[in-house]
Amino acid sequence: MYNLSQTALDLDGVIFDYEKTFQKEAVKLNMNIRVKHPEIYSMTDRYEITQEQVSLINLRIDFTNMDIFDEILSLRHHIDDIMCFITASPKEILHLRKKNLSKIFKKNIPVYYAETEKKHDIINDLGIKYFIDDYNATIHYVNINCPDCNAYWLDRGYKDKTLPDSKNKINNLTEFFD
């Protein structure tokens, strides 16, 4: 069994279904977008749209009330015990994410910001032993820089194809928590 008090999770793609929310807001703006490159993490490249279009859609998203994955509700009692969340979501919306998390979990779980390639710094600083992220590049950086952390790639389809498959690959959070 994992020590959940030494566990951290990413937010987008793990807890929040950012892409579903993104697509809903694009429809409201009458933007006819669709995923063109499902394996690519960057929204501009994934949809072949401009950064201005991504920003326009993001401005419409209510980050205090984002869609969550259905699985999260059944795992809430496990997630309540984790140490923290580490996200690359823009710093200026972290307070909104915290509000959304507080609504879901009915408690304040710390949220830390770090760029994808720097999440390992927080993991090292906090002594995190287990980490889950939906982007295999993040897991790659954690594996290289945090030998004491077991990093798990939650395969939601985002993948840097230049990297080898993660040895700790899970298809859903239930695989980790059960």
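Q: Which residue follows α1, and is its phi positive or negative?
A: Asparagine 30 comes after α1, and its phi is positive, near 60°. Helices (H or I, at least four residues) and strands (E, at least two) are DSSP runs numbered from the N terminus.

Q: What kind of model is this, and how are residues numbered?
A: The model is predicted: local features need pLDDT of at least 70, side-chain atom pairs count only at pLDDT 80 or more, and totals for chains, interfaces and linings use all residues. Residues are numbered from 1 along each chain as its sequence is written, and side-chain values use heavy atoms, with hydrogens and water left out.

Q: Back to α1, then. Which of its residues are buried?
A: In α1, which spans residues 18-28, the buried residues are Tyr18, Glu19, Thr21, Phe22, Glu25 and Ala26. Buried means under 20% relative accessible area, exposed means over 50%, and partly exposed lies in between (1.4 Å probe, protein chains only).

Q: Why do they line one face of the helix?
A: Viewed down the axis of α1, the buried residues fall within an arc of 160°, so they line one face. The arc is that of the directions from the helix axis to the C-beta atoms.

Q: What does that buried side pack against, and which exposed residues are on the face turned away?
A: The buried residues of α1 pack against α2 (43-47), α3 (51-60) and α5 (94-105), contact being heavy atoms within 4.5 Å. The face turned away carries the exposed Val27 and Lys28.

Q: New topic: the sheet. What is the strand order?
A: The sheet is open, with 6 strands in the order β3-β2-β1-β4-β5-β6 and parallel pairing. Two strands pair if DSSP finds at least two bridges between them. The edge strands, β3 (111-113) and β6 (169-170), each pair on one side only.

Q: How many bridges join β1 to β4?
A: β1 (residues 7-9) and β4 run parallel and are joined by 3 bridges. Leucine 9 stands opposite isoleucine 132 in β4 and opposite phenylalanine 85 in β2. β1 pairs with β2 (residues 84-87) over 2 bridges, also in the parallel sense.

Q: And on the β5 side of β4?
A: β4 and β5 (residues 150-154) pair in the parallel sense over 4 bridges, with phenylalanine 131 and alanine 151 as bridge partners.

Q: Is the unit of β4, α7 and β5 right-handed or left-handed?
A: β4, α7 (residues 136-145) and β5 make a right-handed β-α-β unit. Right-handed means that, with the strands pointing away from the viewer, the path from the first strand over the helix to the second runs clockwise. α7 lies across β4 and β5, running at about 170° to β5. Axes are lines fitted to C-alpha atoms, for helices over the stretch in contact, and angles run from 0 to 180 degrees between N-to-C directions.

Q: Which way do the β4 residues point?
A: Tyr130 and Ile132 point one way from β4 (residues 130-133), Phe131 and Asp133 point the other way, and all are buried. In a regular strand, side chains alternate between the two faces of the sheet.

Q: What does tyrosine 130 touch?
A: Not counting residues up to four places away in sequence, tyrosine 130 touches Tyr2, Asn3, Gln6, Thr7, Ala8, Cys149, Asn150, Tyr152 and Phe176. Its relative accessible area is 16%, and therefore tyrosine 130 is buried.

Q: Which residues of the largest nonpolar core touch the most other members?
A: They are Ile15, Phe22, Ile79 and Phe85, out of 41 residues. Such a core is a set of buried Ala, Val, Leu, Ile, Met, Phe, Trp, Tyr and Cys residues joined through side-chain atoms within 4.5 Å. The largest share of this core, 4 residues, comes from α5. Apart from it lies another core of 14 residues, among them Ile86, Ala114, Phe131 and Cys146.

Q: Last one: in helix α6, which residues are buried?
A: Lys119, His120, Ile122 and Ile123 are buried in α6 (residues 119-126). These buried residues fall within an arc of 160° seen down the axis of α6, so they line one face of the helix. They pack against β2, β3, β4 and α7. Just after α6, glycine 127 takes a positive phi of about 70°.
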